[in-house]
Amino acid sequence: MAFKGTQKRTQQALELEVENLGAHLNAYTSREQTVYYAKAFRQDVPQAVDIISDILQNSKLEPSKIERERDVILREQVEVDKQHEEVVFDHLHAVAFQGQPLGRTILGPRQNILSIKREHLESYIKTNYTPDRMVLVGSGGVDHQELVKLAEKQFSSLPQSANPAPLGRLAHTKTDFVGSEVRIRDDTMSTCNVAIAVEGVSWSSPDYFPMLVMQSIFGNWDRSLGASPLLSSRLSHIISSNNLANSFMSFSTSYSDTGLWGIYLVSENLVNLDDMVHFTLREWTRMSISPKESEVERAKSQLKATLLLSLDGTSAIAEDIGRQVVTSGRRFTPKQIENAIEAVTVEEIKRVAQKYLWDKDFALAAYGRVEGLLDYNRIRADMSRFATSSHFEGMPPPLKGIKILDLSRVLAAPLCSMLLADLGADVVKVESLTGDDTRSWHPPSARLPEGDDTPLPDQPPESAYFLCVNRNKRSISVNFKTSQGLEIIHRLILGSDVLIENYIPGKLGKLGLDYDTCRDINPGLIYTSISGYGQTGPYATYAGYDVVIEAEAGLMHITGDPHGPPAKVGVAATDVATGLYAHGAILAALLSRQQTGRGIAGLANIASNYLIAGVSASRHGTGHPSIVPYQVFPCEDGDLMIGVGNDNQFKIFCDILGKQDLGSSDKFSTNGARVKNREELVAIIESTMQAKPSAHWTSRLSGKGIPFGPINDIKGTFEHPQVVARNLVVEVDHPRAGKIKLVGPAVTYNGGRMRIRLPPPYLGQHTREVLEDIGYIDEEIKELMLQGVIR
């Protein structure tokens, strides 16, 4: 309708004016953008801009012409429905983005075409043709300052949007990708046409170019090409040599906040459709495990050539500039594009493949002779089988895809988020501009390597305390007491599944980060608060450090020598227990998708002594209040911890000591009697064991079923044969500290452990990366750094 006449120009006058200029005027619409462009001589640029301005702002939208155009669109829709590829991709979008704008076709449903009226068009123009949603671009013989003046002259009267948003910034809720399928069976066709896609990336995603390179690795193939068997794509060799398809086309389609990455296949080999899909998915899986450097380099060269050749001509360049500015708020120059592609490595391909392809839900659209395709669940299970058999020793990370916003510090909550990160969750650790308190808790710390290329050279070394509970996380340094910083946190909340915090109750509420506020931003958010005394009660606002909780909860009262003062546990036991409780609570909440409670530290068996028997526990050193012998015993040259858990074990222990008579004595034959006569029995055992070295007793105790062990220092612990055999220590490369050793994840699944994907981050290491993930552009990030909002 834009070319059917305006208040100033009739349709005939418009066509004659363009013809007399020797110009070209056209327009097209995609799922997210509408483009109007004029190609004219240099001296006619002002007149060309005037024409575009006129048709955008002053179209008559005459009802009679709307009726004629309605018939044109209906005929166009009929033609589109004859194009198999268009049909498949329309249905692919419909199932991948169900019930959302991206799921609709460009032309729209037939009922909309039949019912559209002038007022609908006027409403659309008023809503969408606003300054914050438009870009005026010139290329070729166009002076920039002249174009700026023309924009001010021709477009300054455009109405303002009700909620203006900067170009490149999302103005709507993120589009959801749905793993699902649609099959349209038509036995009159000779082929099966099928598209399979996973959720891709947006135009502004930092993974945009790696995903394009990975798409280029698969490339396109058509058996009608004479050289098709000689193409370098490995998938093309498999498809060609086994006659599995007529053709395939890989694609990486991006939108403002999401995308589709996948492949479109056409095959008349209807009995082997399952093989066609199987080998395609197997090649996808290979990208996560072992892409070859040669194929990555080939793909990079092909991609650079393709992208640069696509900019052949002023029209293509203008369209490319406009799209980039609208979608990302900036423009990549050809040189920047070349550099971005060249920076992609084999490891980058593995990373993005594991992030976007590995064991992911997919959308499938099939049209034609589809009866030979396996059902969705069978294909999905096939992807899972690849995942469990070819990459992970145990099982794939169960929390992969879960996003956790970690606002916590020190130990309990960071331990909780680390355990979730070990299970595959993407944990973003939010730190103040000075960092987590524990970064300054040194010595000990990891020694920084010499050299000028160490990140943050002005900062102290990484403390051992921080490193031990922050692996597999990304760090972003933000002052969220500022309005800009709070906006960053709110945008992170919008895309998060879980928020973890351990502030004093009420503190985050004053900053605009209480549960009710966060729930309004993201109704599905699991909000986890970890505090010393809980959210209610007279002590709720008290600071709850581990050592204080140990004292008030009675743990210190039962720890230490019976004749000495109370003692704290050697590690922060209540912090560790709290982190474990919260970790379990979040896993339960993830299953039910409702708000979780707070972490709890409990002493179940000690509490029971008092509640059940009315007996207050006392200190027993290394001994046990209810079991004897169960403590450390001195030998001639060291100490052994021995735990005799039942009466039969005690008899065996007496044989080892050479004190068989003790096992049959009424004073010691039962555990109750041994507890009653604790001091006498312990004195006999101590005097006996002190007469021989620990090696003597170790050899006699071995294989007898009695728990025992030496009292190792920390060095001895990590040199223990069992620790070495179980590979409990993992070495990782830290960007500041070089190679460091960490205690690896404790749990094995089917014989394999979750791997450490990321070393503990240095302060603000991922600030830029995370902000780019949520739509911030380079200029905004630089401005936030200058203002001291981020680091």
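Ala-413 is found in helix H16, where helices (H or I, at least four residues) and strands (E, at least two) are DSSP runs numbered from the N terminus. The model is predicted, so that local features need pLDDT of at least 70 and side-chain atom pairs count only at pLDDT 80 or more, while totals for chains, interfaces and linings use all residues. Residues are numbered from 1 along each chain as its sequence is written, and side-chain values use heavy atoms, with hydrogens and water left out.

Apart from neighbours within four places in sequence, Ala-413 is in contact with Ser-408, Ile-500, Asn-502 and Ile-530, contact meaning heavy atoms within 4.5 Å. Ile-500 lies 87 residues away from Ala-413 along the chain, with 7.1 Å between the two C-alpha atoms.

Helix H16 (412–422) also supplies at least two residues of the lining of the second largest pocket, as do helix H17 (464–467), helix H22 (573–592), helix H29 (714–718) and strand E18 (738–743). A pocket is an open set of points on a 1 Å grid over the protein atoms alone, where a 1.4 Å probe fits, with protein on both sides within 12 Å along at least five of seven lines; lining residues have an atom within 4 Å of a point. The second largest pocket holds about 1,200 Å³ of space, the volume being that filled by probe spheres set on the points, which are joined across faces, edges and corners. Its lining comprises 38 residues, and Met-418, Cys-468, Val-469, Arg-471 and Val-743 are the closest to the centre. By class, 30 lining residues are nonpolar, five polar and three charged.

Six strands form an open sheet in the order E3-E8-E4-E7-E6-E5, with mixed pairing; two strands pair if DSSP finds at least two bridges between them. Strand E3 (181–185) and strand E5 (220–222) are at the edges and have a single partner strand each, so one side of each lacks a neighbour in the sheet. Within this sheet, strand E4 (residues 192–199) and strand E7 (residues 259–267) run antiparallel and are joined by eight bridges. Ala-195 has Tyr-264 in E7 as its bridge partner.

Strand E1 (residues 24–29) pairs with strand E2 (residues 34–39) in the antiparallel sense through six bridges. A hairpin of four residues connects E1 to E2, and His-24 is opposite Lys-39 in E2.

Notes: Ala, Val, Leu, Ile, Met, Phe, Trp, Tyr, Cys and Pro count as nonpolar, Asp, Glu, Lys and Arg as charged, and the others, Gly among them, as polar.
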